[in-house]
Amino acid sequence: MKLNKIKIRYYLPVLLSGLLMLPVSSCTDKLNTPFEDESFTSDVDYSKGQDLILPLIGAYSKFYDQSWDGAITYSLRGDDVDAAGDQAPMQEQDNYSYQASHWNIDALWQHQYDAIVNVFTEIDEINKYRPAANNDALADQYIAECRVIRAWEYLTLAKTFGGCIIIDQLDNIQNTPVSNKQEVMQYIVDEMNEVIPDLPAVRPNERTDVKGGITQFTAYAIQAMAYQEMENYQGVVDATSAIISSGKFSLSSDFYHLFKTAGKLNDENILEFQFSDFGQGQGSSFNHMFDPYGTGAWTPVVAGAGAGWGFYSPSLKYVEFMLDRGETIRLETSVVFTPDGITQLQNDYGTVPSWISNTNREGDVFNNTPRMNFGSGKFIQPSTELIPGRTNPGSNKNFIVIRYSEMLLMYAEALTRGVSGNISLTADQAVNMVRKRAGLGDLSGVTTQQVLDEKFAELATEWGIRYFDMVRTNNTAELSYGGRTFTMDKAYLPFPAAQVSTLPQLADGVQN
């Protein structure tokens with residue numbers, strides 16, 4: 001079978017309105033910098049073994065192409081962030097009021113399953129190239145990478161909805177029962193056990209074929225996350241120990257620039273969605289839509305740089321928590337201050353450090369806006385980093401998903417819960433490595449609560465980590481803040497109404 005263009009080469013069944021199958025295009029012409037100079041053939045010819053990599057590129061392209069609403073919906077319910085802007089469903093969800101008809105809940109579901117179904121398609125494509133490639137080990141590796149992508153999507157779904165449908169055959173979705181969260185997490189653990197031997201034992205930025213691609217350590221990290229959701233803390237220690245003992249990863253010495261363009265493919269990054277404008281001010285680009293994270297009002301050093309929409313704001317509670325700890329580096333990195341935000345702090349908290357300003361290091365000035373008092377600094381790119389000719393927020397900026405610091409803190413938490421380590425690193429040492437980078441002193445005899453506090457400080461605004469930690473630990477008190485009242489029956493979003501109407505097995509929900 002031949003189709004005309006590489007851009008429409010893959011016929012993908014997309015999940016729309018309840019996993020209805022519709023053919024659409026998948027991968028972009030260019031995925032990231034290592035492929036900028038590739039000249040892909042216009043026709044599909046499975047006798048060209050050298051094209052074995054093309055379906056893998058398609059899988060990554062779909063994986064990286066995360067919708068802005070999905071990432072925010074997944075992340076916004078913690079006490080580290082507040083929903084801002086004019087998206088009423090997100091504001092309601094931030095206050096633990098859910099409607100199955102909310103558009104963004106359905107969009108998150110659709111996007112995750114879109115990527116899952118795409119994985120099946122790309123694995124099939126890899127196997128079609130396998131005979132001509134005459135390299136079973138490489139084909140197995142590429143399929144393993146696809147399975148890790150799929151595992152991440154299932155992890156996202158199960159944490160968000162409390163369960164999901166694990167697809168085994170694309171033509172049997174209607175008859176596939178809903179798996180609860182425990183079952184999904186066990187599936188992920190088992191999948192990672194199967195694929196890890198087929199993956200390269202290198203840091204993602206050490207790969208030369210797909211720079212920044214998935215490796216054994218990405219799979220171990222996702223497995224550790226699944227074990228954590230199962231509260232299998234020995235599993236957490238075992239999986240994170242494989243990452244730590246590899247000696248491949250280290251904490252970036254510059255926390256602030258880790259989240260700027262300089263942080264792309266850093267030695268700390270275990271998984272990141274990669275984007276590029278290819279160093280050109282015009283023409284093709286493949287970027288995440290970072291507009292929702294902007295403040296909506298600034299005076300940038302580079303005139304014309306986009307200010308964003310102002311939909312995602314660090315909470316006043318988080319800012320005050322960080323001030324109580326004497327934080328500087330991580331607070332400056334995580335939070336952008338407006339004049340109104342500084343005034344609010346002074347009125348609610350009292351005297352604030354003199355270093356707090358509405359101007360970032362690069363000279364961009366953040367002005368007052370009715371949408372928010374604080375901007376999410378980890379996702380706001382300084383205007384001076386934009387390539388001349390580009391004005392969209394975050395152009396050429398990657399989206400970091402899993403960092404080594406998270407693995408260190410997950411490892412430390414598990415040890416504080418009484419499980420046995422199999423490497424020499426102690427919980428104190430793991431936590432203090434992270435604290436040292438932040439300019440804080442050492443702790444001794446760390447407790448579970450201290451590790452959770454450290455995760456709050458280190459990982460705030462990233463991927464809902466704080467929210468899911470509080471759900472896992474049944475910490476309703478921390479999530480009941482700023483007039484909100486959280487109860488554990490609000491831990492998961494409802495299955496989208498549009499999906500329930502097509503997949504009746506969703507109607508009964510799941511038992512977690």
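1. Where does Gly-279 have its place? Gly-279 lies in the loop between β6 (269-273) and β7. Helices (H or I, at least four residues) and strands (E, at least two) are DSSP runs, numbered from the N terminus. With a relative accessible area of 46%, Gly-279 is partly exposed; buried means under 20% relative accessible area, exposed over 50%, and partly exposed in between (1.4 Å probe, protein chains only). From Gly-279 to Val-335 there are 56 residues in sequence and 28 Å in space, C-alpha to C-alpha.

2. A word on what you are looking at. This is a predicted model, in which local features need pLDDT of at least 70 and side-chain atom pairs count only at pLDDT 80 or more, while totals for chains, interfaces and linings use all residues. Residues are numbered from 1 along each chain as its sequence is written, and side-chain values use heavy atoms, with hydrogens and water left out.

3. Now for confidence. The predictor's confidence in each residue is called pLDDT and runs from 0 to 100. The protein averages a pLDDT of 90, and 91% of the residues score at least 70. Do take care with residues 1-42, where the pLDDT is below 50. Beyond near neighbours in sequence, that stretch has 116 contacts in the model, a contact being heavy atoms within 4.5 Å.

4. Next, the overall build. The protein contains 18 helices and 12 strands, and its C-alpha atoms fill a box of roughly 70 × 55 × 50 Å along the principal axes. For 512 residues, a compact globule would have a radius of gyration near 24 Å, and the 22 Å of the protein agrees with that. Here the radius of gyration is taken over C-alpha atoms, and the globule rule is 2.2 Å times the number of residues to the power 0.38. Buried residues make up 61% of the 512. Among contacts with a separation of 6 or more, 71% come from residues 24 or more positions apart.

5. Most of α5 is covered, with 22 of its 26 residues buried.

6. Helix α10 (residues 316-324) is largely enclosed by the rest of the structure, because 7 of its 9 residues are buried. The buried residues in α10 include Leu-316, Tyr-318, Phe-321 and Leu-323. After α10 comes Gly-326, with a positive phi near 75°.

7. Two backbone angles deserve a second look. Most residues other than glycine have a negative phi. Asn-134, though, has a positive phi near 55°. Asn-134 sits in the loop between α4 (103-133) and α5, and it counts as exposed because its relative accessibility is 69%. Trp-463 is found in the loop between α15 (448-459) and α16 (465-472), and at 7% relative accessibility it counts as buried.

8. Finally, the rings. The structure holds 40 aromatic pairs. One of them joins Trp-68 and Phe-311, whose ring centres are 5.5 Å apart and whose planes meet at 50°, so the pair is tilted. Rings of Phe, Tyr and Trp (its six-membered ring) pair if their centres lie within 6.5 Å; planes under 30 degrees apart count as stacked, over 60 as edge-to-face and the rest as tilted. This pair links distant parts of the chain, with Trp-68 in helix α2 (residues 68-75) and Phe-311 in the loop between β7 (298-299) and β8 (312-314), 243 residues apart. Trp-68 is buried at 15% relative accessible area, and Phe-311 is buried at 5%.

9. Rings also come together with charges here. The charged end of Arg-466 sits over the ring of Phe-456, 3.7 Å from its centre. Likewise, the charged end of Arg-484 sits over the ring of Tyr-481, 4.3 Å from the ring centre. The rule asks for NZ of Lys or CZ of Arg within 6 Å of the ring centre and within 35 degrees of the ring normal.
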